[in-house]
Amino acid sequence: MNVVWLILISVSIVFAIFTGNLEAFTKSIFEGAKSAVEISLYLLGIVSVWMGITRILEDSGLIYRIAHLFRPLISRLFKNIPGDHPSITAITLNVLANLFGLGNAATPLGIKAMQELDALNEEKGTVTPEMMTFIVINTASLQLIPFSVIGILASYGHRNPAAVVLPVLIATAISAMTALLLLAVFRKVFR
Amino acid sequence: MIGHVEYLSLLIIPLFILFTVLYGTFKKVRVYDSFVAGAKQGPAIILNIFPYLLTIFVAIKGFQASGAFDYVRNAFSSVFAFLDIPIEAFSMAITKPLSGSASTALFADIVQTTGPDSMATQMSAVIMGSAETTFYVLAVYLGAVGIRKTRYLVPVCLLADVVGIFVAVSVARWFF
C-alpha cells in the first residue's frame, strides 16, 4: 500500500505541475478529505446499527448456532478457523448481504468479520491468510443481480436491461475464482 | 425472476432483525441494552477507519484531478483500440477500482453518449457489475482492525482487477 500511495501522490503532483492543473490538484485534496468525512459519517451510522444487531446475536448465542450451520461451507475456503467461531457467522452474513446487493449491511458485517478474524490473529497488525481470502472475496463483487447497473440501463431506455444479469454473474464468478487462484499461487511462492 | 430477487432483498434485512430480536428475547436477552452496547462500538471502529479512508481518498482524487489519470487512459487507448476494446470500457475498468461514485457517474455518461445498446455500454455494464471498488474495500477492512503489514494482498487484488477487466470484456463480447 505504501508503494501504491507513493506512486499515486508523486505522479499526480508531477503531472499537476506539467499540465498546469495545480489549482485543480490542490482543490481535489480537500475534496478527497471531504468525501472521506462524508463516507465515514455514513459508515458511522450503518456500522453502529449492525454492531447493535450483531451484539444481540452474540448475547443470545445465535452467532454460534449460525456458525455451526455454515461451518462446513465456510471452512472449505477458510481452513484455520476453529470450531464454531463467530467469524464464520460474520463471513456468512457478509457474503449473503453481498449476494443480495445489500451494501448497507455488507460493509458493516464485513468489518465485523475482520474484527472476528483479528481475534484469531496471533501477529496483530499483520494480515492473516484468512483475512486475505475474505478481502479477495469482497473485492470480487459477488452479487446475484446488479441492481444499480440495471437501474441505470433501464433509465436510459435499454431494450432489456435484465440481459446483463447472466454475463455479470459469469464474469464475477470467473474473476472471483481467478482471484482466489492468484492468492493461492502467491501464498505458495511467498511461503 | 428479477422481481422476486428484488423483493427477497427488500425482505431479508427486516426479517433478519425481527428473528434476531425475537430469538434474543426468547433467550432472555435484554435486546435494547444489548443493541446499545453493540452500537457503542461503532464510533471507535470508524475512528480507526477514517485516517485510512482519508489517506487513500486524497491520493485518488489528486490522481484524477492532476491529469495523470487522463494521461494513463490516453496512453493505453491505442493498445485497447488494437484489441478492439472501446475506450469507454477501458475508462470504466480503471475508474471502478478507484471510486464507486465516479464509476457510477461515468457509466451513466457512457450509456448516454454511446447509446444504451452499444458495445461500449454492454462491456461497461459487465465491468461495472463484476468489479469492486478495490481501494475503498482495502482501506475500510484493513483500517478497521489496524492492519499495517499487508504482505502480498495488494498486488493480488490489483492483479485480480486486471484479469477481471479482460474476463469482463471477453464475457461481454461473447454475449452481445
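Leaving aside neighbours within four places in sequence, which residues is B:L53 in contact with? The legends below take you through this predicted model, and the answer comes in the first view.

**View 1. B:L53 and its contacts in both chains.** Beyond its neighbours within four places in sequence, B:L53 is in contact with A:A36, A:I39 and A:S40 from chain A, and with B:A139, B:V140 and B:G143 from chain B. B:L53 also belongs to the largest nonpolar core, which has 79 residues. Along with A:I135, A:V136, B:A139, B:V140 and B:Y141, B:L53 is one of the residues that touch the most other members of this core. Helix α3 of chain B, residues 42-65, gives the core its largest share, 13 residues.

**View 2. A second, separate core.** Here you can find a core of 28 residues. Among its members are A:A171 from chain A, and B:I85, B:F90 and B:A172 from chain B. As background, nonpolar side chains in soluble globular proteins tend to be buried together.

**View 3. Where chain A meets chain B.** In this view, 88 residues of chain A are in contact with 85 residues of chain B. On the chain A side, the elements giving two or more residues are α1 (2-19), α2 (22-60), α5 (103-119), α6, α7 (147-155) and α8 (165-189). The largest share of that side, 26 residues, comes from α2(A). Sorted by class, the chain A side has 54 nonpolar, 28 polar and six charged residues.

**View 4. The two domains of chain A.** Chain A is assigned domain 1 (2-139) and domain 2 (140-191). Their centres, taken over C-alpha atoms, are 19 Å apart. Eleven residues from domain 1 of chain A and eleven from domain 2 of chain A make up the contact. On the domain 1 side, α4 (86-99) and α6 (129-138) of chain A each give two or more residues, and α6(A) provides the largest share with five. That side has seven nonpolar, four polar and no charged residues.

**View 5. Chain B, its domains and its confidence.** Chain B is assigned domain 1 (1-40) and domain 2 (42-175), with 33 Å between their C-alpha centres. The average pLDDT of chain B is 92, and 99% of the residues score at least 70. For the model, ipTM is 0.92 and pTM is 0.92.

Technical notes. Residues numbered from 1 in each chain as written. Chains lettered and ligands numbered in written order. Predicted model: local features only at pLDDT ≥ 70, side-chain atom pairs only at ≥ 80, totals over all residues. Domains from an automatic or database assignment. Contact = placed C-beta atoms within 7 Å. Helix = DSSP H or I, 4+ residues; strand = E, 2+ residues; numbered from the N terminus. Nonpolar A, V, L, I, M, F, W, Y, C, P; charged D, E, K, R; others polar. pLDDT = per-residue confidence, 0-100. Core = buried A, V, L, I, M, F, W, Y, C linked by C-beta atoms within 7 Å. Buried ≥ 20, exposed ≤ 12 C-beta atoms within 10 Å, placed from the backbone.
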